Amino acid sequence: MTGGTVGSTDRARRILGRTDALDQIDRFIDEVAAGPVTLTISGEHGMGRTSLWRYAVAAARDRGLRVVATRSAEEDRAVAGTAMRDLFGGGPDPATENLSATPGFDVGRRALDNLRRLAADGPVLVAVDDAQWLDALSANGLRFAIQRLTEQPVGVLSTMATALPGPEMPLGLRYGHHVHLGPLAADMLRKILASTVPTVSRPELVRAHQLSGGNPGLALDLFRSGHSGREQPSEYHRLLSDLAPDTLTVLRVLALSTPSAADPAAQRVVAGVVAQASGVDDFAGAVREAEAAGLIAVSEELTLGFVDQHAARAALAGMNPLDRCTVHARLSDLDPDPADAARHRALATVLPEESVAFEMEAAAAQCADRGRSDLAADLAGHAVRLTPPGHNDAAGRRARAEVDYRAAAGEIARAIDLADRLLARLPPGPGRAQVLAKRVFLDFGESQNFLHQALLDVGEDQALRARILDLIGWQYGLYQGRLADGVRYSRQALDLGRRLDDAEVVAQAGATLAATLSLGGHPREDLFTESIRRADTVRLSPLGRWPSVFWARHLLWSGRLDEARRIFLRAESDAIKRGSEFQRPYRLHDLAVAEVCAGELRTARAEAEAGIQAARDAGNEQAVSWLAHPLGLAAALQRDTSTAQWCSELLAGWGAANDQPPRQAMADEVRGDLAATAGDWDTAFACFHRMLEQLDAMGYQHPGARPALSRVVEAATMRGDLPTAIELTARLVAQASELAAPLVQSLVSAAQGQVALLRDEDAVPALARAVDGLDRLGYRFEAGRVRLALTRALLRDGRRAAARTAATRAAGYFTEVEAHAWAVTAEELRVRADAGAPRSGVLTVAERQIAELVAAGRMNREIAAALFVSTSTVEAHLTRIYRKLQLRHRTELAAWVRQASGR
């Protein structure tokens, strides 16, 4: 028994998948101050009751509540008053003195007095973990006290171990809340296990989820025992050794009847199937003995299932492999699921047999179509194993299919190993070319060597040649930043695909060519339309490229954010339905990029972090490098320096190691945004300018795809570099003229307004136009950045009310997305707008010169000649000066100048 050690609320908040429970706990704590209230958390062992209890205790203390806590254990039930001593202390206090000899009524009265006394000083939380183990004296005393609380600010938090919702609680609580913790979905389970289990493939996660029933504690035990190689708990072996032989046979058949031999206890099985497959004389007697031993449970629907996954695994321990084959042979004729029946037939077959191998190949394809990539991979592996010698074409086809299915299931390291072993034994020719092409998808390192070798191997197979040309164009154009080479190879592939009327090549090569041309500033939406139309007529590989995704990226670069988001969400959903863990990290990358563009930084980080976890689970480090870009941008804008630096270093390192300059440009974008967030505009300028030089060298001419030009203009104006800002704004205008892109037009307006601000010209119209356009398109953070420039322009013009409105809106948005450094800048501008009479420092350099010339008695045309500007420019400046200083004419301005200069 302990007195209630608690953890940090921030740490407990990361119990993902229990957000509803956490919210209810927070509401419960808020209600304590208003009077007596209770909360009970129930759930079976391993569901996280104690973690939530710790969160509640820590959260209550953070909010100033007095906490008295006790955590019970089974052995405490025999010691009268143990919980009361924990709650109210073990000293001479009459509430805890000689409890074992005190009548229960008196113990309750003393507990009530103690709670009233504590509550007189402020809200109190009574926290009881594992209330089912309370000793009787403490339970009765607490029940007595709690039921007699009326208006006191006392909250009672208790946890109870139960598998059923709505249990009868031992404290007889009233006026309360109840949270029951049920099983978690597989993805939520993965998030909870993240800190303990760094990587796990999707098939392993699904198996653990099935075995544990969504119980995170049991799932963690499975991973620990599986990785450590420990024996199963000895009590199961002792129980099994005492059973009759027929009972042990039934248990083994039940364990093998589940969807995979590696998954005993994954689901319940119809009793009739087990009876027929086991062949024992007294099946009912065997089931009763197993149930009485606490090993299985029988449902009203006459299905059987193990009560504990360890018992199922122990039942299979020591079973002869040939006996397993016999059972699988029987089950292959009994299992109602065709895929599971095929698996049983494969496991029952020892020697190669073409008819069985063909059946496994067909069953694997059907499983892949149903999104069961892990089962498809297993069946394809059996198909390879059972292919007789001499069937080389079939063996190669089945081996390539297994590579596809393994990668789609999220077992990329295993898929790479299979591909490499296949390459080592294949002679030059189309078969090897096909494997080389698959190998490129799995690991981009040495991709060009692989693909050019594949091009030599294709021979006369023109359809395969078109596919290899397409892959070369994809790698050159979209990964290595060699846009001109990418366009050349993609065009060759598209032309060949059209001649062959190969819909898949036309779809993929057309989409790749269209995306590459878009990056080069010459988009072809007709190519996107053709590629998407042709893609609808074929079933694209789960490892392949999806034309709709390329189209959505083009939309995002152009300013059609909402439409792009919808396509990205649909693509992610398709990846999940198709069971493609290979695709899922890339789809999360696209969603994260869209959320960064939308200015939803927290959502972007969540998508990117989920993608990185999925990529690492699959052994897909190249996908991690993709996801580092949106994660780094979001972190930089929130001034999370450590995360942003980690992302930029990963991007730069990956780009250098794999000859991918676009990644290095992305690294500079992250570094530039981090410097801009910190207000270090010299460093930001250097990073963005280097990024621009890299993009220029690669041929990138789409300012919406990589915003180097607009970023350099922003940094140049912030550091007062007018020539650079003017030059690059002209380039931005020229690039925009080639694009029908609303986003780029808004970026042009922003750059023109920033230059006008630096030149002391009227900047407000252009900046306001940019802000309106970006807001309308949904690019909220970009709008926020430009709104800061608009605020400065309004302040310069003396329009303090409008400046205050713009700064307040910017500060509110930046605070909402936790971009606090940007919010501080906006707040500083708001304070300037709120200031009283303007100070002399409000005037710009040009305005100060004009004011001094007015004070010297110069006329407007004389001032224009002296400053080499037009008379109308002087008049515009004077209008702003009068508005800023709240003056009416030249005489008052001359007096103001004399006063400001101390003359």
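Is the crossing of α20 and α21 left-handed or right-handed? Here are a few notes to read alongside the model.

1. First, the ground rules. This is a predicted model, in which local features need pLDDT of at least 70 and side-chain atom pairs count only at pLDDT 80 or more, while totals for chains, interfaces and linings use all residues. Residues are numbered from 1 along each chain as its sequence is written, and side-chain values use heavy atoms, with hydrogens and water left out.

2. Now to the opening question: α20 and α21 cross in a left-handed way (the near helix is turned anticlockwise from the far one by less than a right angle; clockwise would be right-handed). Helix α20 covers residues 412–425 and helix α21 residues 430–442; their axes come within 10 Å and cross at roughly 155°. That makes α20 roughly antiparallel to α21 (the term applies to angles over 145 degrees). Helices here are DSSP runs of H or I with at least four residues, numbered from the N terminus.

3. Who makes the contact (heavy atoms within 4.5 Å)? From α20, the residues include Ile-412, Ala-415, Ile-416 and Asp-420; from α21, they include Arg-432, Val-435, Leu-436 and Arg-439. By class, the contact of α20 with α21 has nine nonpolar, no polar and three charged residues (Asp, Glu, Lys and Arg count as charged; Ala, Val, Leu, Ile, Met, Phe, Trp, Tyr, Cys and Pro as nonpolar; the others, Gly among them, as polar).

4. Do have a look at the rings. There are 12 aromatic pairs (ring centres of Phe, Tyr and Trp within 6.5 Å, using the six-membered ring of Trp). Trp-474 and Tyr-479 pair edge-to-face (planes over 60 degrees apart), at 5.2 Å centre to centre and 85° between the planes. Both Trp-474 and Tyr-479 are buried (under 20% relative accessible area). Ring pairs also link Trp-474 and Tyr-479 with Phe-441, Phe-582, Tyr-586 and Trp-626 in a cluster.

5. Another edge-to-face pair is formed by Phe-781 and Trp-822, with centres 5.7 Å apart and planes at 85°. Phe-781 lies in helix α39 (residues 780–796) and Trp-822 in helix α41 (residues 820–834), so the pair ties together parts that are 41 residues apart in sequence. Phe-781 is buried at 3% relative accessible area, and Trp-822 is buried at 4%.

6. Finally, Asp-374 sits in helix α18 (residues 373–386). With 26% relative accessibility, Asp-374 is partly exposed (between the buried limit of 20% and the exposed limit of 50%, with a 1.4 Å probe and protein chains only). Asp-374 touches Pro-203 and Ala-409, leaving aside residues up to four places away in sequence. The C-alpha atoms of Asp-374 and Ala-409 are separated by 5.1 Å, although these residues are 35 residues apart along the chain.

Note on methods: Axes fitted to C-alpha atoms, helices over the stretch in contact; angles between N-to-C directions. Helix = DSSP H or I, 4+ residues; strand = E, 2+ residues; numbered from the N terminus. Parallel < 35°, antiparallel > 145°, perpendicular 65-115°, else oblique. Contact = heavy atoms within 4.5 Å. Phe/Tyr/Trp six-rings, centres within 6.5 Å; stacked < 30°, edge-to-face > 60°.
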